[in-house]
Amino acid sequence: MGSEERSSANKTVIIVCLLAAIAGLMFGLDTGVISGAKQFVVKEFGLEGQVGLQGWLVASLTVGAAIGAVLAGWISFRLGRKYSLLLAAVIFVTGSLISAFAPNISVLIFARAFIGLAVGIASYATPLYLAEIAPEKIRGSMISFYQLLITTGLLLAYLSDTYFSYWEAWRWMLGVVVFPAIILFFGVIFVPRSPRWLASKGRNSEALAVLRKIRPSEDEVQGEFGEIQEGLKITQKGWSLFKSNGNFRRSVGLGMLLQIMQQVTGINIILYFAPEIIKMAGFSSVEEQMWGSVLVGLINVLATFIAISVVDKWGRRPILFLGYAIMAFSMAVLAVLMNKVVASDTLSFMHYLSLVMLALFIIGFAMSAGPLAWVLCSEIQPLQGRDFGVTVSTATNWIMNMILTASFLSLIAALGQANTFWFYALLNIICIVLIWFFVPETKGISLEKIEANLMSGKKLRDIGR
Ligand code: BGC
């Protein structure tokens, strides 16, 4: 086949992945948008003294997302990845509209939990779909690209919150996300179904037709189709495979570990605490803090490019080691600075240092754990248990997120700010040890080979060789 067909197949893959990954954008938009809206919602509904309700306003989305992620495995097994994304899009559209027009706080909390369902489904189905569509040479970059959209979503949410904050227009903050949700809906209608999912349902000719659209040569189509068929020979699935197969239990455990490790970096604490740290560094007005969040969001996006450009060259493990080391270091320095720096008008070296450490932490996360937890989780599960395995790991991500965000303020009350940051620095160091022992290198190896290695009982660390 000529270079023209090659480049047209590549283009198709890129467009398809772009469309599907708008789901990642929704993930970021919907999780990010509440941070700026919260204070105005509190004002309008008179929730000043009601810390519990305020907490629910923020946490309801993570609760919905945890439930959505649990259901997503079943939904995506029945409907396929494509129609799961379509369902998520419908929920995004209706949920955003309900929240924008919410007459009271209960409806708003309900609407946020409802949107959470879609975030849970999308955070499950998107990486899976991308892993099944992308050729293995660029699989890592494609899924990191999903993280890029999460972070872009967060940034856009911070930007639009900042814009609407001048009018205290929280309904617009929450409602404006309906537009990308509509784009997602129409985008997903046009993407093909996952060839792996089609083959798993015995729809081989459809699977081949999709592969011909997204692979440049008939050799590659046949090669990949053969690998898919091989993978499908294992007939057990999901829960029954989990009960009967120790090797599958290992990959499920690894997926959970990866997502726990992503959350215990403390990323959401840092995102949550960013305005505080910015304030401590001497920028005290609400406006400065809003723009500070925008800056944090921007760094988060830019640093994700580091992962995208090196994940399929350097591999997963080196990036993880580097990223976690950076996060442990910057978290520890922030712990030291916590007690030393107080907000003041004259900015000292310490003030700038805390801002630099904040930025450094986010760079460390965005270049490693952020994208790679999703990349690895979508790669390590055997096909017959992939729905189950990714369900468990995605739900673990949301449950950990919920627990850590909810416990953060109590942790500070019990340990103090500095010790809380020390605690997270230590967790990052423990992660480095865990990566060393358990995390495989999966660069440039087919999903089918990873599966064969896992099932033959190879050590987790070696299943990518
Ligand atoms: C994590 C989220 C986090 C986001 C920040 C995602 O990969 O799962 O918990 O808020 O990255 O960029």
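**Close-up views of two loop residues and two helix pairs**

**View 1. Surroundings of arginine 193 in the predicted model.** Apart from neighbours within four places in sequence, arginine 193 contacts Leu79, Gly80, Lys82, Tyr83, Tyr129, Ile133, Leu198, Arg203 and Val210. Arginine 193 sits in the loop that links helix H6 (178–189) to helix H7 (195–200). Its relative accessibility is 18%, and because the cut-off for buried is under 20%, arginine 193 counts as buried. A polar atom of the arginine 193 side chain lies 2.4 Å from the backbone oxygen of leucine 79. Between the C-alpha atoms of arginine 193 and lysine 443 the separation is 25 Å, with the two residues 250 residues apart along the chain.

**View 2. Aspartate 312 in the loop between helices H13 and H14.** The loop that holds aspartate 312 runs between helix H13 (286–310) and helix H14 (316–340). With a relative accessibility of 19%, aspartate 312 counts as buried. Its side chain makes a polar contact of 2.9 Å with the side chain of arginine 316. When residues up to four places away in sequence are not counted, aspartate 312 touches Lys137, Ile138, Arg139, Gly140, Ser141 and Lys443.

**View 3. Packing of helix H12 against helix H13.** The axes of H12 (residues 267–280) and H13 are 9 Å apart, and the helices pack at an angle of about 125 degrees. This angle makes H12 oblique to H13, since angles between 115 and 145 degrees fall in that class. The crossing of H12 and H13 is right-handed. On the H12 side, Leu271, Ala274, Pro275, Ile278 and Lys279 take part, and they meet Gln289, Gly292, Ser293 and Val296 of H13. Sorted by class, the contact of H12 with H13 has 5 nonpolar, 3 polar and 1 charged residues.

**View 4. Crossing of helices H17 and H18.** Helix H17 (residues 386–415) and helix H18 (residues 417–438) cross at roughly 125 degrees, and their axes come within 7 Å. H17 and H18 are therefore oblique to each other. Their crossing is right-handed. From H17, the residues Leu404, Phe408, Leu411, Ile412 and Leu415 meet Gln417, Asn419, Thr420, Phe423 and Tyr424 of H18. By class, this contact of H17 with H18 has 7 nonpolar, 3 polar and no charged residues.

Definitions and conventions
Residues numbered from 1 in each chain as written. Predicted model: local features only at pLDDT ≥ 70, side-chain atom pairs only at ≥ 80, totals over all residues. Heavy atoms only, no water. Helix = DSSP H or I, 4+ residues; strand = E, 2+ residues; numbered from the N terminus. Buried < 20%, exposed > 50% of the residue type's maximum accessible area, 1.4 Å probe, protein only. Polar contact = N/O pair within 3.5 Å; in protein donor to acceptor, adjacent residues only side chain to side chain. Contact = heavy atoms within 4.5 Å. Axes fitted to C-alpha atoms, helices over the stretch in contact; angles between N-to-C directions. Parallel < 35°, antiparallel > 145°, perpendicular 65-115°, else oblique. Left-handed = near helix turned anticlockwise from the far one by under 90°. Nonpolar A, V, L, I, M, F, W, Y, C, P; charged D, E, K, R; others polar.
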